[in-house]
Amino acid sequence: MHRTFAFSFLVIGLVLAGSHGADPAKTDDKKGDLPPAAPSSDVELVERTNSARKEYEAALKKLWEYYRRTGDKQRIRWVEDELMGFHLLHKPSYNLDVQDVPPPTLEAKTNVREANDLYKAAMEYKGKGLGNEYILNQRRAELLLREILDKYPSSDKISDVAYQLGEIYESRAYKQFDRAARFFERSFQWKKGTSTDARLRAAVLYDKQLNERGKALALYRDVVEHDTDPDRIKIAEKRLTELSGGKK
């Protein structure tokens with residue numbers, strides 16, 4: 001169920017006294033009342049948006065708990081419908097560096113039972129279902145995987161978590177290719193010597209979907225240098241030749 005949220009902006013006009021213009025003295029007094037400067041970046045606005053999303057979802061969940069305790073079945077259904085609409089709503093990451101993709105300096109090194117349990121639970125949802133149920137299941141898997149990164153950033157599962165998030169964001173439930181590419185990169189950055197196709201998948205996304213040739217070339221070269229799979233190396237070499245005009 002997709003919901004459309006409309007935002008109204010109220011413009012307040014200034015009514016000037018008199019019919020022949022403003023008093024020059026009063027005009028001078030107003031010179032300092034300038035509108036606030038526009039933000040120099042989107043960071044603060046994105047942070048506020050992310051916080052508002054979390055607060056809105058949390059408020060709905062608390063409301064659901066209240067109606068569950070009071071036995072109000074009709075309002076429980078209303079809240080569930082609204083929560084479903086919220087989770088089905090496309091929520092892009094406006095800035096990947098703001099509360100979205102953790103830095104490449106994390107290390108997958110500690111076996112954490114709680115993180116393992118969350119990962120298993122996420123895999124119960126990932127890729128399952130049809131239609132809206134499929135989309136909701138990808139949202140559920142995403143939330144569980146994100147919880148691992150938030151609570152257990154040194155877990156030895158974070159490389160696998162990043163790979164699974166890359167697949168989720170690349171899927172038809174999201175099609176957020178910049179997010180997907182960044183998480184595929186984190187997958188091999190957080191665990192050195194990983195033998196997955198994460199490098200190649202990131203390279204292909206930068207190449208085919210995001211039109212970022214420089215990043216694609218660098219990653220294709222990394223595949224040739226670091227990968228051990230002959231097929232993946234062959235794909236990377238072929239694309240390097242095509243992109244570089246015969247020069248690797």
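At what angle do helix α6 and helix α8 pack, and how far apart are their axes?

1. This is a predicted model. In the model, helix α6 (residues 158–170) packs against helix α8 (residues 198–209) at an angle of about 30°, and their axes are 11 Å apart. Angles under 35 degrees count as roughly parallel, and α6 and α8 are therefore roughly parallel to each other. The crossing of α6 past α8 is left-handed.

2. On the α6 side the contact is made by Y163, E167 and E170, and on the α8 side by A198, R201 and L205. By type, the residues of this contact are 3 nonpolar and 3 charged, with no polar ones.

3. Two residues of the contact, R201 and E170, also form a salt bridge, with the closest N and O atoms 2.8 Å apart. R201 lies in helix α8 and E170 in helix α6, so this pair ties together parts that are 31 residues apart in sequence. E170 is partly exposed, at 25% relative accessible area.

4. R201 and E170 also belong to a network, in which salt bridges with shared partners join them to K126 and E167.

5. Across the whole structure, a search finds 14 salt bridges. One of the salt bridges is between the side chains of R140 and E133, at 3.1 Å from N to O. R140 is partly exposed at 32% relative accessibility, and E133 is partly exposed at 40%.

6. D227 and R232 form another salt bridge, with 2.8 Å between the closest N and O atoms. Both D227 and R232 are buried.

How values were computed:
Residues are numbered from 1 along each chain as its sequence is written. This is a predicted model: local features need pLDDT of at least 70, side-chain atom pairs count only at pLDDT 80 or more; totals for chains, interfaces and linings use all residues. Side-chain values use heavy atoms; hydrogens and water are left out. Axes are lines fitted to C-alpha atoms, for helices over the stretch in contact, and angles run from 0 to 180 degrees between N-to-C directions. Helices (H or I, at least four residues) and strands (E, at least two) are DSSP runs, numbered from the N terminus. Angles under 35 degrees count as roughly parallel, over 145 as roughly antiparallel, 65 to 115 as roughly perpendicular and the rest as oblique. A crossing is left-handed if the near helix is turned anticlockwise from the far one by less than a right angle, and right-handed if clockwise. Contact means heavy atoms within 4.5 Å. Ala, Val, Leu, Ile, Met, Phe, Trp, Tyr, Cys and Pro count as nonpolar, Asp, Glu, Lys and Arg as charged, and the others, Gly among them, as polar. A salt bridge is a side-chain nitrogen of Lys or Arg within 4 Å of a carboxyl oxygen of Asp or Glu. Buried means under 20% relative accessible area, exposed over 50%, partly exposed in between (1.4 Å probe, protein chains only).
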